[in-house]
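Subject: Structure for you to look at

Dear colleague,

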Amino acid sequence: MRVLSDADVAELLDLDELLPAIERAFRKQGRGEVERPERPHFPVGTGIEGDEPLGTGLTMPAYIHGDDQYTTKLASVHEGNAERGLPTVQAQIAVTDARTGTPAALLAGTRITNARTGCIGGLAAGRLAVGDGPVTLGVVGAGTQARWQARAIAAARGVDSVRIYSPSDSRAACAADLRDEGIDAAAVESARAAVADADVVVTATTATEPVFPGDALAPGTLVVAVGAYTPEMRELDATTVSRAARLFADVPAEAAETGDFPDHDESAFTPLSAVFEGESGRESATEILVVASVGSAVLDAAAATALVERAAAENVGSEIGL
């Protein structure tokens with residue numbers, strides 16, 4: 001089997017190539033041409049330092065019909081990792097031959113997870129933001145995912161400027177990192193300042209309460225919420241949701257169960273895949289749209305298998321016997 005370290009993944013990963021692969025995965029998911037079992041998530045670390053869990057473990061298998069391989073991602077979310085100098089979200093992805101069941105590859109999955117999630121914002125901005133030129137981007141959150149959202153939106157649509165807000169000093173570091181990559185970014189002092197007059201607003205936090213005031217959104221804003229994935233997590237306030245002309249979600253049934261939408265069920269959401277099929281989208285330049293993302297293992301499968309194919313072609317990574 002081929003083993004790809006994080007350095008190998010970084011060498012291979014190209015957002016311009018990943019964006020169409022993720023869009024294809026959305027189309028296949030929307031058509032029902034995937035296998036995507038429910039993903040169990042469970043508390044871990046209870047009993048190590050006390051009676052409270054230290055993090056969350058997730059298992060995310062998926063197969064895209066017609067592909068040569070399927071994947072199983074093992075992910076973790078440990079909010080205390082910031083104090084340890086470690087990523088909050090970490091992952092590894094096992095790739096298996098779909099014909100024979102033979103192990104094919106093992107990939108460091110953290111960068112893949114971040115990049116494919118960033119592509120959700122990039123693809124949404126490409127199809128749903130007003131106009132067709134570069135956008136003004138407001139980001140609430142200043143972690144790794146804030147950076148990937150900005151990168152992917154810049155790759156998919158182009159970015160005039162980015163305003164970053166986080167209640168911690170990390171917003172300045174995030175803005176500086178983006179500037180180093182050629183993206184015009186600045187830290188601002190409030191969430192309202194980040195989202196006001198933005199074409200696209202991204203929330204990328206682990207918050208349990210709304211992170212910006214919905215009345216600050218300008219008409220025509222696209223909101224992409226990627227942080228909440230449990231009933232306890234929440235980034236959007238009721239004003240934001242009520243002002244939205246339409247709600248989109250990568251996985252409507254799971255998005256409806258997050259804390260962002262306490263008064264909505266699955267029927268309130270249009271699958272994001274419908275946008276890529278040309279079946280739904282923006283209908284006016286003034287309507288506010290919301291895209292909610294909880295993450296789909298199908299996207300991990302698309303990204304990981306594409307990287308494994310490229311790694312084999314370019315002889316990147318290490319081959320080992322298992």
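**Two packed helices**

Helix 2 and helix 3 are roughly perpendicular to each other (a word used for angles of 65 to 115 degrees). Their axes, which are lines fitted to C-alpha atoms over the stretch in contact, are 9 Å apart and cross at an angle of about 80 degrees, where helix 2 covers residues 15-30 and helix 3 covers residues 110-128. Helices here are DSSP runs (H or I) of at least four residues, and strands (E) of at least two. Contact means heavy atoms within 4.5 Å, and among the residues that make it are Leu15 and Phe26 of helix 2 and Cys119 and Ile120 of helix 3.

This is a predicted model, in which local features need pLDDT of at least 70 and side-chain atom pairs count only at pLDDT 80 or more, while totals for chains, interfaces and linings use all residues. Residues are numbered from 1 along each chain as its sequence is written, and side-chain values use heavy atoms, without hydrogens and water.

**Two single residues**

Ser293 lies in the loop between strand 15 (288-292) and helix 10 (297-314), and with 3% relative accessibility it is buried (under 20%, with a 1.4 Å probe and protein chains only). Leaving aside residues up to four places away in sequence, Ser293 touches Ile120, Ala225, Val226, Ala228 and Asp250.

Best wishes

Key
Buried < 20%, exposed > 50% of the residue type's maximum accessible area, 1.4 Å probe, protein only. Axes fitted to C-alpha atoms, helices over the stretch in contact; angles between N-to-C directions. Parallel < 35°, antiparallel > 145°, perpendicular 65-115°, else oblique.
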